Amino acid sequence: VGDSADFDEEIASVCPFCGVGCQISLKVKDGRVKYVDGLDGPANEGRLCVKGRFGFDYIHHPHRLTKPLIRRIDAPAKGLNVDPGNWGDVFREATWEEAMSVAAGGLGGLRAAHGGTAVAGFGSAKCTNEEAYLFQKLIRQGFGHNNVDHCTRLCHASSVAALMENVGSGAVTATFNEIENADVAIVIGANPIENHPVAATYFKQFTQRGGKLIVMDPRGQALKRFASHMLQFKPGTDVAMLNAICNVIVTEGLFDRQYIEGYTENWAAEQAHLQAYDPESMAAICGIDADMLRDVARTFAGANAGMIFWGMGVSQHTYGTDNARCLISLALMTGQIGRPGTGLHPLRGQNNVQGASDAGMIPMFLPDYQSVTSADIRANFEQVWGGTPIDPQKGLTVTEILDAVHEGQIKGMYILGENPAMSDPDLDHARAALAKLDCLVVQDIFLTETANFADVILPASAFAEKTGTVTNTNRQVQMGRPAVPPPGDAREDWVIITDLAQRLGLDWTYDHPRQVYDEMAGTMPSLDNITWDRLERGAVTYPSLSPTDPGQPIMFANGFPRDGGRAKFTPANVIAPAEEPDADYPMVLTTGRQLEHWHTGSMTRRATVLDAVEPEANCSLHPDTLRRLGVAPGDLVELTTRRGSIRIMARADRAVAADMVFLPFAFVEAAANLLTNPAVDPFGKIPEFKYAAVRVTAIQTA
Ligand code: SF4
């Protein structure tokens, strides 16, 4: 941190990491970002975590792609075999003209030979809203189908499925800052001190002024110190525990009858369903004492204002949608929604996963979650898009697209900013699919693991090099601004997408992201009254009810956007994880993020400070487990599941239950997803990253 003499200019933008969406000031000197300060944004009020403050210098890393690359004719077979700093045996530099010609020729050639469905697209939640809008439009308009998806499928797709089903909207009903007006809050399946650190500061302040914090997680965590109730339940038993809490609310008459009668439907079915979930029976399943379940039920139902926050510990299960249904039911039966200090808040992961989903980068919805199956909605978009017909069939999701590659139906892909060679479950399967493609075009800022498999690599821009809007977990739309130019010949992503679209025959004439935003906002009622000019002046929360309304932090005070205006109870059954521990694989593997590292590590492992703090692949085990295995902290262990094996350094962590392993997924040298189970939730199609049966063995050293 320095003073104004230390920099030439300062640019206001938005942190590129988590969904909190902290506003930052980029201090620039001699064409480089020197340091970062927090700004007084609506979500952060000047606060930043270690990633936002110190995680920026990857943008100047020598591994940055500065020229388009084309796979050499004599390159070795496709595989994870390219050094990102020394790629000359595999790729050669090319001009933009040649690279774009090869990219468009490859993808367009597959379209001509096999039809548009031979090509699919993965975008990224790191895209701006405008880039996400263009990307999904390119796939839908240019290839005539909806096979376009991004990492929301690996994140909160099941939460969105449950919210859409029961509330009628996939976004949060209240900003996380509303916790200031709550007196009780539940945080389940989330570890905000590590994963949403600035949001966690608001949670801690809430407890300091007397708020009761109920933390539910199979893994202990730092927020436990601030909790009035800590429920460290057995992994895989979320529905049993939540239904037991709801059972108490029903049997003790703690529900809000007036709210239920005024604003909900299907209550009778929910009540009947919950009878089977008495706390004594469920305690034996979830491992939480029945009295604790009762106390939590009474505390939450008795609150004047209660909120529910959840993370991927809820969503990344084969029953993730059922988990979210339980949380929605809990809020509805207690009337904890639509008022200050109440609401449902799935803490969104990436900086723009909310916005990229809103912009339609998902296979079943056009922008604003408007269904591709509706003829009226398609007709509206067809008119805006110049008459090209839109496919009425829902498209394939991330894991389904890779399956379709294996089956030979998809032969080409355009991947923008996503890294499925690290982020998808059962990586051997995912990497084999990427290797099988006849044409893979990857657009990114680094030669990622996915780019290893590319035929053409298009050098793109980091957040600090481009203009565009992003939408955080709070529904706050904010403007990102360029502080430095892209390195070498790298280009802004919207420019590359537009160029490719034109070469594929589309009549696109965009010349600035603002033009894209205007078109996008014209198709999205949620952005009514939110103009580019307003966003240039500051953040706006959607929905905004007038040109001067800063936006609504709380939604659904007077009903829900469903037929009849009522929210719905959808009863949830207990479903076992897709695979359970047995004699061969006796423990439970769960995966997640660490404070210092971000997703597949492509950015944070190239950020000097973050990599210095957390340089080595590691997993966490309880000290008793380490002792049982004869392993000292710092030793290597081998983790083996039905998909594969990795060797990794073991840490002692009392927060991890004795029968669990916690494994971060940012480290390519011990990639967590070589082990994870590709089984998916039937509604959200999200893989079960949070539960796999695993065997842990000590590595015998000489
Ligand atoms: Fe960035 Fe999230 Fe940290 Fe804020 S909390 S600085 S958005 S990583």
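Thr697 counts as partly exposed because its relative accessibility is 27%, where buried stands for under 20% relative accessible area, exposed for over 50% and partly exposed for what lies in between (1.4 Å probe, protein chains only). This residue lies in strand S30, which covers residues 692-698; helices (H or I, at least four residues) and strands (E, at least two) are DSSP runs numbered from the N terminus. When residues up to four places away in sequence are not counted, Thr697 touches Val637 and Glu638, contact being heavy atoms within 4.5 Å. Between Thr697 and Tyr319 there are 378 residues in sequence and 29 Å in space, C-alpha to C-alpha.

This is a predicted model, in which local features need pLDDT of at least 70 and side-chain atom pairs count only at pLDDT 80 or more, while totals for chains, interfaces and linings use all residues. Residues are numbered from 1 along each chain as its sequence is written, and side-chain values use heavy atoms, with hydrogens and water left out.

The aromatic rings come next. Rings of Phe, Tyr and Trp (its six-membered ring) pair if their centres lie within 6.5 Å, and planes under 30 degrees apart count as stacked, over 60 as edge-to-face and the rest as tilted. By this rule the count comes to 16 aromatic pairs. The rings of Tyr58 and Phe446 form a tilted pair, because their centres are 6.5 Å apart and their planes stand at 55°. Tyr58 lies in the loop between helix H1 (50-54) and strand S4 (69-71), and Phe446 in the loop between strand S17 (439-444) and strand S18 (456-459), so the pair ties together parts that are 388 residues apart in sequence. Tyr58 is buried, with a relative accessible area of 1%, and Phe446 is buried with 0%. Phe17, Tyr58, Phe446 and Trp598 form one aromatic cluster.

| Arginine | Ring | Distance from ring centre |
|---|---|---|
| Arg47 | Tyr202 | 3.9 Å |
| Arg219 | Phe662 | 3.6 Å |

Val609, found in helix H22 (residues 608-613), counts as partly exposed because its relative accessibility is 36%.

Methods:
Lys NZ or Arg CZ within 6 Å of the ring centre and 35° of its normal.
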